[in-house]
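Grab a pencil and work through these exercises one by one. Each task comes with a solution that goes step by step.

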There are 4 protein chains.
Amino acid sequence: MAGSIYGKLFRVSTWGESHGKGIGVVIDGCPAGLELSEEDIQIYLNRRKPGQSKFATPRKEDDAVEILSGVFEGKTTGTPISMVVMNKTQRSRDYSEIASYYRPGHADFTFDEKYGFRDYRGGGRSSGRETTARVAAGAVAAKLLKTLGIEILTYTKSIGPIEIDYSSFDREQISQNSLYMPDSTAAERAGEYILEMMKAGDSVGGVAECIVTGMPAGIGETVFDKLDANLAKGIMSIGAVKGIEIGDGIAVSKSSGSVNNDNFVMRDGKPSKLTNHAGGILGGMSDGSSIILRAAFKPTPSITHEQKTVNKSGEDIVVSIKGRHDPIIVPRAVVVVEAMTALTLFDLILENMTARIDKIKEFYNK
Amino acid sequence: MAGSIYGKLFRVSTWGESHGKGIGVVIDGCPAGLELSEEDIQIYLNRRKPGQSKFATPRKEDDAVEILSGVFEGKTTGTPISMVVMNKTQRSRDYSEIASYYRPGHADFTFDEKYGFRDYRGGGRSSGRETTARVAAGAVAAKLLKTLGIEILTYTKSIGPIEIDYSSFDREQISQNSLYMPDSTAAERAGEYILEMMKAGDSVGGVAECIVTGMPAGIGETVFDKLDANLAKGIMSIGAVKGIEIGDGIAVSKSSGSVNNDNFVMRDGKPSKLTNHAGGILGGMSDGSSIILRAAFKPTPSITHEQKTVNKSGEDIVVSIKGRHDPIIVPRAVVVVEAMTALTLFDLILENMTARIDKIKEFYNK
Amino acid sequence: MAGSIYGKLFRVSTWGESHGKGIGVVIDGCPAGLELSEEDIQIYLNRRKPGQSKFATPRKEDDAVEILSGVFEGKTTGTPISMVVMNKTQRSRDYSEIASYYRPGHADFTFDEKYGFRDYRGGGRSSGRETTARVAAGAVAAKLLKTLGIEILTYTKSIGPIEIDYSSFDREQISQNSLYMPDSTAAERAGEYILEMMKAGDSVGGVAECIVTGMPAGIGETVFDKLDANLAKGIMSIGAVKGIEIGDGIAVSKSSGSVNNDNFVMRDGKPSKLTNHAGGILGGMSDGSSIILRAAFKPTPSITHEQKTVNKSGEDIVVSIKGRHDPIIVPRAVVVVEAMTALTLFDLILENMTARIDKIKEFYNK
Amino acid sequence: MAGSIYGKLFRVSTWGESHGKGIGVVIDGCPAGLELSEEDIQIYLNRRKPGQSKFATPRKEDDAVEILSGVFEGKTTGTPISMVVMNKTQRSRDYSEIASYYRPGHADFTFDEKYGFRDYRGGGRSSGRETTARVAAGAVAAKLLKTLGIEILTYTKSIGPIEIDYSSFDREQISQNSLYMPDSTAAERAGEYILEMMKAGDSVGGVAECIVTGMPAGIGETVFDKLDANLAKGIMSIGAVKGIEIGDGIAVSKSSGSVNNDNFVMRDGKPSKLTNHAGGILGGMSDGSSIILRAAFKPTPSITHEQKTVNKSGEDIVVSIKGRHDPIIVPRAVVVVEAMTALTLFDLILENMTARIDKIKEFYNK
C-alpha cells in the first residue's frame with residue numbers, strides 16, 4: 001500500500017490501523033515560524049470524534065493528539081512534524097467471525113485480493129479511523145491558510161432526500177446541531193429520517209459542501225495539477241465518497257454557455273465575476289471568487305439489515321453486521337473534507353510562489 | 001506552470017500551445033517490448049479531430065502524429081517515447097482583440113493573474129488542443145492495457161437534457177454517429193437540440209461515460225492513491241469537467257446501505273458481486289467488476305451570444321465571440337476521457353506489482 | 001525542510017530531533033507478507049548505538065524501537081509501518097551557550113539562515129541522531145533484500161591515514177572490534193591514532209566501504225535514476241559525507257580504457273566480467289557482479305580544540321566545544337551507509353519490475 | 001526506463017537516442033517572464049559539440065536547437081518549454097557487428113539484461129549524445145540562476161596524471177584551449193599525453209571541477225534532499241562519472257577536525273568563513289561561500305586496443321572497437337557537469353521559497 005503520502009511540497013505521510021497501537025501522521029515541508037500547539041489540532045479532531053450524538057457510534061474514542069517533533073518553543077521549526085493519537089483501549093473482542101467473510105460495501109475483499117491477507121480488526125487500515133491522521137494534518141494546513149486570510153467553511157448539505165434550504169442558511173447552526181447542517185429545520189427533519197432508517201437496520205448517504213473564501217487568484221498548476229483536479233483527488237480519496245462537484249457540478253451538463261459562463265465586471269477597480277457557476281476555478285486556477293465543492297457520500301456499509309455474501313470457505317452466506325456503527329458518514333466526515341481541502345490548497349499555494357521569475361528575484365532581493 | 005507531468009511510474013510530460021509550433025508528449029516509463037506504430041496513435045487522435053461533423057468546429061487540423069524516439073524495429077525499447085503533432089498551418093490571424101479582454105468562462109483572466117501575461121493566440125496552453133498530447137499518450141496506455149485483457153469503452157451519455165436510453169444501448173452506434181452516443185434515437189434528438197442552441201448563438205453541456213472491463217482485482221493504492229481518487233484527478237484535469245461520478249455517483253447520497261451495498265455471491269468458484277453500485281471500486285481498489293465513471297462537461301464557453309466582460313484598460317465591455325468553435329465539447333472529449341482513464345489505470349497496474357513480497361520473489365525467481 | 005522523505009515506491013518519511021520526544025520513521029510501500037519483528041530492527045539499531053567503546057561517545061542512548069503499525073500477526077500487511085524510538089531521558093541541560101553562537105563545521109549557521117531560528121538542543125534535526133530513523137527503515141529494506149538473496153557488507157575501510165590491508169581481510173573481525181574494521185591490525189593502529197588525536201582535543205575522518213552481493217543484473221533506471229546516481233544521493237545525504245566512489249572511483253580519472261574496462265568472458269554459460277573496476281554498475285544498471293561503493297566522512301566537527309567563530313551578537317569569539325562527542329563518525333555510520341544502500345537498492349528493484357511488458361503479462365497471468 | 005525525468009519543481013524530461021530522429025527535452029515548471037531565445041541554448045550546446053579539436057571525435061553533429069513551445073514574444077510563459085535537436089544525418093551504417101556482442105565498459109550487456117533487447121545503433125539511449133538534452137535544459141536553468149546573481153564556472157581539473165596548477169589558474173584559458181583547462185601549460189602537457197595514449201589505441205580519464213558563486217545561504221532541504229545529496233545524484237547520473245567530491249572531498253577522511261572545520265569570523269557585518277574545506281555546504285545547505293564540486297570521469301570505453309568479450313551466441317571473442325570516438329570524455333562533459341549543477345541548484349532555490357511562513361505571508365502581501 002504505497003498510497004499513504006499526499007502532497008508535493010507540503011507532504012503528509014499517514015499511518016495506523018483502526019485497532020492497532022495508534023494513528024499518526026508526519027508532515028514534511030511545513031514552513032517554519034507558525035505558532036502551533038496540540039490544542040490547535042485537538043479542536044479539529046474533536047469535530048470528528050464519535051460518541052457525540054445519537055446519530056454517531058456511541059464508541060468512546062479519546063482522540064488526544066500528541067506532537068512529537070517539529071515544534072520548538074511553540075513554533076514550527078521547518079522540520080517534520082510528527083503527530084500521534086494513541087489508541088488508549090486496544091479492544092480485544094473476537095474478530096474471528098468478521099475475519100471469515102467479506103462485508104458488502106467494505107474493502108475486505110479487495111484487501112485480500114491485493115495483499116493475500118488483511119488486518120481484519122475493525123477494518124484495519126481501511127477503517128474511517130484512518131481519517132484521524134488527515135484531520136490532524138489538515139488542522140495545520142488550515143492554520144497556515146488562515147495566516148494568509150483564507151477560510152474554509154464545510155457543512156452537511158443533504159442527508160438522504162433532505163437538503164438544506166439556502167434561504168435559511170445559518171452559519172452558526174453548523175456547530176450547534178450534531179449533523180453539522182446550517183439549517184435547523186433541515187437538521188431536525190434529517191434527524192428523524194436517520195432514526196427511521198436506523199430502526200430498519202439501514203443507513204443513509206449525504207452530501208458535504210465546502211466553501212473557501214479569501215483565495216488569491218492564480219492558484220493551481222495547469223495542465224494536470226489543476227486546482228480542481230487536485231481537489232478532486234484529495235476529496236475522492238476519502239472513503240465512501242462516490243462523486244465530486246465543483247461549482248454547479250453535474251448540473252453544468254444540462255446548462256448552456258450563455259447561462260453557465262460567469263461574466264466579468266469591474267468592481268473596486270478590478271475584474272470581478274457577476275456569478276460563480278464555476279465555483280471559483282477557471283482553467284484550473286483560482287479566479288479570486290469563492291471556491292465551492294461538494295462530495296457525495298454513500299450510506300455506511302455496515303448495517304444490521306441482512307445481506308448476502310460469501311465466506312472464506314467459498315460458501316454463500318447471509319450476514320447481519322452488528323456493532324456500534326454510524327448510521328451516516330457525512331456529519332463526522334465534514335471535517336475530513338475540510339482537512340483534505342486545506343492540504344490541497346496550501347500545497348498549491350506554495351507551488352504558485354515559483355511561477356514568475358520577477359517574483360522570485362524579488363523574493364531573493366535581486 | 002509546473003503541472004504538465006502526469007503519473008508516477010508511467011509518466012507523461014506534455015507540451016504545446018494551440019497556435020504554437022506543435023503539441024507533443026514524452027512518455028517516461030513505458031515498458032519495453034510493446035509493438036507500437038504511429039498508426040496505433042493516429043486512430044485515437046482521429047477520434048478527437050475537428051471538422052468531422054456539423055456539431056464540431058469546421059477548422060481543419062491535420063493531426064498527424066510522429067514518433068521521435070523510444071521505438072526500435074517496431075517495438076518500444078523502454079526508453080522515453082517522444083511524440084509530436086506539428087501545427088501545419090500556423091495561423092497568423094489578428095489576435096489583438098482577443099488579447100485585450102478576458103473571455104468569460106475561459107482561463108484568460110487566471111493566466112494573467114498567475115503569470116502576468118499570456119500567450120493569447122487561440123487560448124495558448126489552456127486550449128482544448130492541449131488534449132491532443134493526452135490522447136497520444138493514452139493510446140499507448142490503452143494498447144498496453146489491451147495486452148492485459150483490459151478494454152475501455154467511452155461514449156456520450158447525455159447532451160443537454162437528452163440522455164441515452166440504456167434499453168436501446170448499441171455499442172456499434174458509438175462510432176457511427178458524430179456525437180458518439182450508443183443510441184441512435186438519442187443522438188438524433190441531441191443533434192436537433194444542438195442545432196437549435198447554435199442558432200441562438202449558444203452552446204451546450206453533456207456527460208461522458210466510461211466503462212472498463214477486464215480489470216484484475218486489487219488495483220489501487222489506499223489511502224491517498226486510491227483508484228477512484230487518481231481517476232478523479234485525471235478526469236477532472238480535463239478542461240471543462242466540473243463533476244465526476246464513480247458507479248452510482250452523486251445518487252448514492254440519497255440511497256440506503258441495504259440498496260447501495262453490492263452483495264457478494266459465489267460464481268464460477270469465486271466471489272462475485274450481484275450488483276455494481278460501487279462502479280467496480282471498493283476501498284479504493286478495483287473489485288473485479290466493471291469500472292464505471294462519468295464526467296460532466298460544461299457548455300463550450302466561446303459563444304456568439306453577447307456577454308459582459310472587462311478589457312485590459314479596466315473598462316466594462318460587451319463581447320460576442322466569433323470564430324469556429326464547437327457548440328459542445330463532449331463528443332470530441334470522449335476519447336480524452338478514455339485516454340486519462342487508460343493513463344491512470346496502467347500506472348496503478350504497474351505499482352500494484354510491488355504489493356507482495358511473495359510475488360516479488362517469484363518475479364525474481366527466488 | 002521538505003527533505004525528509006526518501007524513495008519512490010518504497011518511501012520512508014523520517015522525523016525527530018536529537019533532544020525532542022523521539023525519533024521515528026514511516027515506511028510507505030513496504031510489500032505485504034514479510035515476517036517482521038522489533039528484534040529485526042533492534043539488531044541494526046544496536047550497531048549505531050553509542051556508549052559501546054572508548055572511541056564513541058559515552059552517552060547512554062537506549063534506542064529501543066517500537067513498531068506502531070503495518071505489522072499484523074508477525075507479518076507486514078502492506079500498510080504503512082510506523083516505527084519510533086522514544087527519547088527516554090530528555091536532557092534538560094543548559095543550551096543557552098550553544099544557542100548563542102555558530103559551531104564551526106555544524107549546520108547552526110545554515111539553519112538560522114534558512115529558517116530564522118533553530119532547535120539548538122544537541123543539534124536538533126541536524127544531529128547524527130537523525131540517522132536512527134534511517135537505520136530502522138534500512139533494516140526493513142535489508143530484510144526484504146535478503147529474501148531475494150541480496151546481502152550487504154559494510155565496514156570501516158580507513159581511519160585517518162590508516163587503511164585496512166585487503167590481504168588480511170577478515171569478515172568476522174568487523175563485528176569484533178569497535179571500529180568495525182575487517183583487519184585487526186589496522187583496527188589496533190587506528191585505535192591508537194584516535195586516542196592520540198583525542199588527547200589533542202581533535203577528531204579524525206575516515207572511509208566506509210560497502211559491498212553488495214547477489215544483485216540481479218539490470219537494476220537501475222537510466223538516465224537520471226541510475227543505480228549509481230541514486231546511491232550517490234542516498235549516501236551523500238548522510239551528514240559528514242563529502243565524497244562518494246563507485247568501484248575504482250576517483251582513481252579512474254588516472255586510468256586508461258584498456259585497464260579500466262572490465263572484459264567479459266563466458267562463465268557457467270553466461271557473460272561474466274573478468275574484473276570489477278566498474279563496481280558492479282554499467283550504464284547506471286547493475287551488471288551482476290558485486291556493487292562496490294565508498295563514502296568519505298569528515299572528522300567530527302565538535303572538538304575541544306579552540307576554534308574561532310561568531311556569536312549572535314555579531315562578535316568574534318573563540319570556543320572550545322565540550323561534551324561527550326564521538327572522536328570519529330565512521331564506525332557508527334557504517335550501519336547508516338548500509339541502511340541507505342538497502343533503501344536505495346530495494347526501491348529500484350521494485351521499479352525494475354515494470355520494465356518489460358512480457359514480464360508484466362506474466363505477472364498478471366495474461 | 002522510467003528514469004528520464006529530473007527535478008521536483010523545475011522538472012526536465014529528456015528523450016532521444018544517439019541515432020534516432022533527434023534528442024530533446026521538455027521543461028515543466030520554468031518560471032514565466034524569462035527572456036529566452038534559441039541562441040541562449042545554442043551557446044551551451046556548442047560547448048559540447050564534437051568535431052572541434054583533435055582530441056574529440058571528428059564526427060559532425062550540427063546540434064541546432066529549436067524551441068517548440070513555452071516561449072511567446074521572446075519570454076517564457078510558464079508553460080512547458082519543449083526543445084529539440086533533430087539528427088540531420090541519420091547514419092545508415094551497418095550495426096550488425098556491434099549488435100552481436102557486448103562492448104566492455106558499455107551498457108550493452110545491462111540493457112539486454114533489463115529490457116531483453118536494445119537499440120544498438122551508436123549506443124542508443126546510453127550514448128553520450130543523450131547529454132545534449134541535459135545541456136539544453138541546463139542552459140535555461142543557468143540563465144535563471146544568472147538573473148539571481150549566481151554564476152557557475154566549470155573546467156577540466158585533470159587529465160590522466162596531469163593536473164592544473166592553481167597558482168597558474170587563468171579563467172580566460174578555459175575557453176581558449178580545446179581541453180577546457182584553466183592553465184595553458186597543463187593543457188599542453190595533457191594534449192601530449194592524450195596523443196600518446198591515442199597512438200596506443202587507448203583512452204584516458206580525468207576530473208571536472210565546478211565552482212558556483214553568488215549562492216544565497218540556506219539552499220537545500222535536509223535530511224534527504226540536501227544540496228550536496230541532490231548534486232551528487234545529478235552529477236553521478238552523467239555517464240562515465242565514478243566519483244563525486246564536495247569541497248575537500250575524499251581528502252577529509254585523512255584530515256582532522258581542527259583543520260577541516262571552517263572557522264567563522266565577522267566580515268562586512270555578517271558571519272563569514274575563513275576557509276572553505278566544506279565546499280560551501282553545511283548540514284546540506286549552502287553556507288554563502290562558493291560551492292565546489294568535482295566529478296571523476298572514467299576513460300572512454302570505446303578503444304581500438306584489443307579486448308576480450310562475448311557475443312550473443314555465447315562465444316568468447318576478441319574485439320577492437322573502430323569508429324570515431326573521443327579519446328577522453330572530460331572536455332566535452334564540462335558543460336554537462338555545469339548543466340546538471342544548474343538544474344539541481346535552481347530546483348532547490350525554488351523549493352527554498354516555501355521554508356518560512358513569514359516570507360510566504362510577505363509574498364502574498366498578507
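**Exercise 1.** Find which residue stands opposite A:Ile244 in E11(B).

*Solution.* Step one: go to A:Ile244 and look across to E11(B), where B:Ile244 stands opposite. Strand E11 (residues 241-246) of chain A and strand E11 (residues 241-246) of chain B run antiparallel, joined by 3 bridges. Strands here are DSSP runs of E, at least two residues long, numbered from the N terminus, and two of them pair if DSSP finds at least two bridges between them.

Before you go on: this is a predicted model, where local features need pLDDT of at least 70, side-chain atom pairs count only at pLDDT 80 or more, and totals for chains, interfaces and linings use all residues. Residues are numbered from 1 along each chain as its sequence is written, chains are lettered from A and ligands numbered from 1 in the order in which they are written, and side-chain values use heavy atoms, with hydrogens and water left out.

**Exercise 2.** Work out how many residues chain A and chain B each bring to their contact, and what area is buried there.

*Solution.* Start with the residues: chain A gives 105 and chain B gives 105, with contact meaning heavy atoms within 4.5 Å. Next, the buried area, meaning the accessible area (1.4 Å probe) that two parts lose on being put together, summed over both. For chain A and chain B that comes to about 8,200 Å², with 61% from carbon and sulfur atoms. Last, look at chain A: A:Lys114, A:Phe224 and A:Lys242 lose the most area to chain B, together 11% of what that side buries.

**Exercise 3.** Find how many salt bridges cross between chain A and chain B, and check one that involves B:Lys114.

*Solution.* First, the rule: a side-chain nitrogen of Lys or Arg within 4 Å of a carboxyl oxygen of Asp or Glu. Applied to this interface, the rule finds 4. Now check one: B:Lys114 meets A:Glu221 at 2.8 Å, N to O.

**Exercise 4.** Hop over to chain C and chain D, and say which residue of E11(D) C:Gly243 faces.

*Solution.* C:Gly243 stands opposite D:Glu245. Then zoom out: strand E11 (residues 241-246) of chain C pairs with strand E11 (residues 241-246) of chain D in the antiparallel sense, over 3 bridges. Finish with the salt bridges: there are 4 between chain C and chain D. One of them joins D:Asp225 and C:Lys233, at 2.4 Å from N to O.

Definitions and conventions. Helix = DSSP H or I, 4+ residues; strand = E, 2+ residues; numbered from the N terminus.
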